[in-house]
Amino acid sequence: MKPLPPPDAYVNGTWVATQRRYAVVDPYDDKTLVEVADCDDATVDVAIAAMTKVAAAWRATPGPERGKYLRAMGDAMLANEARYAEVCTRENGKALKESVGEVKYAASFLLWFAGEAERIYGETIPASRAETRIVVTREPVGPCALITPWNFPYAMLTRKIGAALAAGCPVVCKPAHQTPLSALLLAEAAHDAKLPAGVLNVVPSRDAARIGTKFIASPAIRKISFTGSTKVGMGLMRAAADDLKRVSLELGGNAPFVVLADADLDNAVAQAMIAKFRNTGQSCVAANRFIVDASIADAFTTKLVAEVAKFKTGHGLTDGVDIGPLIDDNAVVKVRRLVDDAIEKGAKLVHGARPDGNGFKDGKAVEPGARIVAPLVLSGITADMAVWREEIFGPVVAIRTATSEADALAQANDTDAGLVAYVMSKAAGQRFAEGLQSGMVGVNEGLVSAAQAPFGGIKHSGLGREGSRHGIEDYTNLKYVATKL
């Protein structure tokens, strides 16, 4: 097994061993990987104090210098790709090849923002009076708290860390309790790069609500960036209003994957496999609702099933495995509930087996591999099924037919989420994309994420953008200076 990072909190440039610990387990078989720090309030207070103390110095550090630290961290990830990937698979469960892909993707944010640190431009504005000059600059918003989920433990954090540190904001990070080791590896990279003490802090804990409350209550923290459920994000936003903290939210999705009548079916299937099954379907940008023109639905489904049937399930470190376990017992229970509800309301199981709970006892997995849900395909989906309204977060394809382009668009927009949407069409993709109520759209493309592109949603899918120059702007305030000569 590749070496794990120190299993402690990383606070003010040092590793802090806490008295309370908790087990990080492999979701495939529940074997304990290591016991990590379960930070108490005092440790969090020290982290907040450390970044507050260093905030002025980090703000004054020239952008190119800040970029050097980010570049060193990104280079360390790429140089130790195998180690980073194995740690991710062990604590998250995803197939090793996907963890390798995530390491590369996560490093790209550090490297992108390393460059952007040199390009935080201001502007001059023509004044109304000849003797006046108007200059606008961007300044760091201040110390930030970053809260990230378990499904992409590197990438969700680096696109926040990269933007914040590049902008001149020190950070305290609360990773998901299931996947703290990935965050601690990033802390190790920062430590090795000699990032100044206090600029980056990592405080693992099983109690996300308590840590979040600490962040909200601290007047020193001027921004909270959160990726996770819509319900929790709304609660954070309400609480942050009392102190008028800046809030960035990347929340849930319910992505439509629309296949119009003129689509290239081979490409549509290829893109569907990417959009649906990355990380076993446990992705906020996963295709959730397949909307297929009725005239091609049978042909599309046949081609899709042929590809889905090729998947190999198992432990993520096993050669050739495509689909690993879901993250925990609750995830399995949810997928079973959604599938059962759909079938009971008339959906047809086109491929795969209905999850039966084998390997579970009293709602808990008791056998290795019990959390694996083999990919399955459902057709005959209707709007009254829970699978149409809820984010699946599992390897389930749910297909509903449309009678026209207008019908497909209405179905696609029939959700309070608006993170990403996909449309497959030879001729109508751009026009259709303009009608989609979504922050991101993939036209004949199932992979929309890139460091240089603004990632984020509308409606109940969040506020703000991550990645791109817009992502760094979310960590800055505009200052306008009028000078009379």
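Me: In which sense do strand E13 and strand E18 pair, and over how many bridges?

Reply: Strand E13 (residues 287–293) and strand E18 (residues 396–402) run in the parallel sense, joined by four bridges. Strands here are DSSP E runs of at least two residues and helices are H or I runs of at least four, numbered from the N terminus; two strands count as paired if DSSP finds at least two bridges between them. Within this pair, phenylalanine 290 has isoleucine 399 of E18 as its bridge partner. Please keep in mind that this is a predicted model, where local features need pLDDT of at least 70, side-chain atom pairs count only at pLDDT 80 or more, and totals for chains, interfaces and linings use all residues. Residues are numbered from 1 along each chain as its sequence is written, and side-chain values use heavy atoms, with hydrogens and water left out.

Me: What is the strand order of the open sheet?

Reply: The order is E14-E17-E18-E13-E12-E19-E20, seven strands with mixed pairing. Strand E14 (348–351) and strand E20 (440–443) are at the edges with a single partner strand each, so one side of each has no neighbour in the sheet. On average, neighbouring strands are turned by 25° against each other, direction ignored; axes are lines fitted to C-alpha atoms, for helices over the stretch in contact, and angles between N-to-C directions run from 0 to 180 degrees.

Me: Which strands does helix H9 lie across?

Reply: Contact means heavy atoms within 4.5 Å. Helix H9 (residues 265–277) lies across strand E12 (255–259), E13, E18 and strand E19 (420–424), at about 170° to E12. Helix H11 (residues 329–344) also packs on the sheet, touching E14, strand E17 (376–379) and E18, with its direction at about 35° to that of E17.

Me: What is the volume of the largest pocket, and which residues lie nearest its centre?

Reply: Rolling a probe the size of a water molecule over the atoms shows where empty space is left. On a 1 Å grid over the protein atoms alone, with a 1.4 Å probe, a pocket is an open set of points with protein on both sides within 12 Å along at least five of seven lines, and lining residues have an atom within 4 Å of a point. The largest pocket has about 910 Å³, a volume being the space filled by probe spheres set on the points, which are joined across faces, edges and corners. Its lining has 37 residues, with Pro149, Trp150, Phe226, Gly228 and Ser229 nearest the centre. H7 gives the most to this lining, five residues.
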